[in-house]
2 protein chains.
Amino acid sequence: MPNTEPPSLVKSVAHALDILDVVARAGDSGVTLAELAPRVGMAKSSASASARTLAHYGFLHIEMPGPRFKLGFALLRYGDQVTRQTSLGQVALPILHELAESTGLTARLALNDDGYPVFVERVDGHGSVRFHATLGQRESPHATGAGKVILAYSPTPLVRRVIGEHGLPRYTDSTITEPDALMDELERVRLVGFGVDNEEESDGVVCVGAPVFDHLGTCLGALSLTGLKADLASDGVGPYGAAVMEAAQRITRTVQGGRR
Amino acid sequence: MPNTEPPSLVKSVAHALDILDVVARAGDSGVTLAELAPRVGMAKSSASASARTLAHYGFLHIEMPGPRFKLGFALLRYGDQVTRQTSLGQVALPILHELAESTGLTARLALNDDGYPVFVERVDGHGSVRFHATLGQRESPHATGAGKVILAYSPTPLVRRVIGEHGLPRYTDSTITEPDALMDELERVRLVGFGVDNEEESDGVVCVGAPVFDHLGTCLGALSLTGLKADLASDGVGPYGAAVMEAAQRITRTVQGGRR
DNA sequence: TTCAGTGTTCGGCATCAACGAACATGTTAA
DNA sequence: TTAACATGTTCGTTGATGCCGAACACTGAA
């Protein structure tokens, strides 16, 4: 990464957010102040003050005794609002439920984050396994159904930029790692109207995605269905592709038609 | 509220978190810098620097053109981790799915946040309505199934403190507003093993909750089932009470037995 | 009890967060 | 097209304050 730019950040705010990150990485057990301070490069006293402020707002939870810092409920509250505030998420939720129920697969909604897919909503199906799909972080643009769909309906310069900065890392034998091959694949997506991930990100896992547009034709995000290849009927992903497309089109119509 | 204490907060961090709060309240449409700055009591330039820092970490999303600030995906990511990092949330999720599926009601897991119930996980049932239960914020301790359960298994001084600071606000005709009546109700909860909210928080909505304990017998939180009274069979909430209790006990056993 | 580990308090210094006017931008109105 | 207005950004200046580090208090274990 060629060091994007130094937009003169506010140091103490950056420190506080670094603290959050360290605590998040620590996991369930939390961190003590002594191991936190050096990891963010501050004196104990300074880190204590910042952490205390975060805790006062509910972003951290201080667990007694032997104070251990964990993530606080405020993050959950705000995170929930992110989903809720997206007009897309609102209209998509019931449709995700329908999809999950009728297909038995895991249905998800990804938003277009500057060319990358970010899952913001998930409804598990009744299937055997449960995918620990993390919400809120950028997923592979080239190896997921949702990612391919978003790229397919993005302007070419953006596609090139995403490929340039993210690369095309190989996850499985089927992962597309050649830019030209990916461009062909995107063309195919535009042709059939939905994207397929055939064990390209994870062995044994397949996924289909379909695009959602706003009134200007910009791709807002993608709906996707994920399942185990072993669970698929012999006729492949075709029926599921049709189902996500139909559902995504319904969302598109609602978004375009409904005010606000 | 008698102004708890001024624990000497870090001003710039507090400002940044205030900004997040303002943006969150703004909703889907976001806020512009001009309306944000006065609302947090800062100069435009200062607010801009803070907001920019938040955006750099993904806590805010700057939407062009006419820069509008919205909540960023990082909040979603961290919020998701809060759920995931709770060992409870991990083991509870599949059980919530079971409950929602077998009863058709909305199943939720609340954690004990110093005597208050905070919902951290939710699985909707197939029922007619969908409850917009917000995650991550303190709910009524005296008017929800989960809240009553948590209070019922908390030490009396804590119960008194919660009643003192939260009061017993009336939401419906059935809300318990007298401390003595609430204490009797808690006794009843301990007797039958689960708590009932019979249209006490919202007309037409009923709810049952059952406790989850750790290995020391501390109440970690509560499982709850919520549905419309109109949808209930003639035999009332009894069967559901038995179901949540059984599920909660299974979680308790897993938590107590499992290492980590 | 002693000891090692923790988190907290305290003063002092230099940083830098906050300000506000001047600038650049792009949107609206005439 | 022009003009007026609104927005967000830039830029020194200055005083507040975030940061440090050593000394203190506390806890739990040996």
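Buried means under 20% relative accessible area, exposed over 50% and partly exposed in between, with a 1.4 Å probe and protein chains only. Keep that in mind as you open this predicted model, in which local features need pLDDT of at least 70, side-chain atom pairs count only at pLDDT 80 or more, and totals for chains, interfaces and linings use all residues. Residues are numbered from 1 along each chain as its sequence is written, chains are lettered from A and ligands numbered from 1 in the order in which they are written, and side-chain values use heavy atoms, with hydrogens and water left out.

**Stop 1: a covered helix.** Select residues 145–152 of chain B, helix α6, where 8 of the 8 residues are buried. Click along Gly145(B), Ala146(B), Gly147(B), Lys148(B), Val149(B), Ile150(B), Leu151(B) and Ala152(B) to visit these buried residues. Helices here (H or I, at least four residues) and strands (E, at least two) are DSSP runs, numbered from the N terminus.

**Stop 2: chain A as a whole.** Now show chain A, with its 9 helices and 8 strands. Its C-alpha atoms fill a box of roughly 60 × 40 × 40 Å along the principal axes. Of its 260 residues, 52% are buried.

**Stop 3: Ile95(A).** Zoom in on Ile95(A), which lies in helix α5 (residues 87–103) of chain A. Ile95(A) is buried, at 9% relative accessible area. What is it in contact with, leaving aside its neighbours within four places in sequence? Contact means heavy atoms within 4.5 Å, and the partners are Leu223(A), Ala247(A), Arg250(A) and Ile251(A). Pick Ala247(A) next: it is 152 residues from Ile95(A) in sequence, yet their C-alpha atoms are 6.8 Å apart.

**Stop 4: between the chains.** Show side chains to see Ser50(A), Thr53(A) and Leu54(A) meet Val13(B), Ala14(B) and Leu17(B).

**Last stop: both copies.** Zoom out and superpose chain B on chain A: a rotation of 180° with 0.0 Å of shift along its axis does it, with RMSD 0.1 Å. That is the relation of a two-fold axis. Colour the interface too: 98% of the interface residues of chain B are also interface residues in chain A, so the copies meet through the same surface.

Technical notes
Copies are superposed by least squares on the C-alpha atoms of residues with pLDDT of at least 70 in both.
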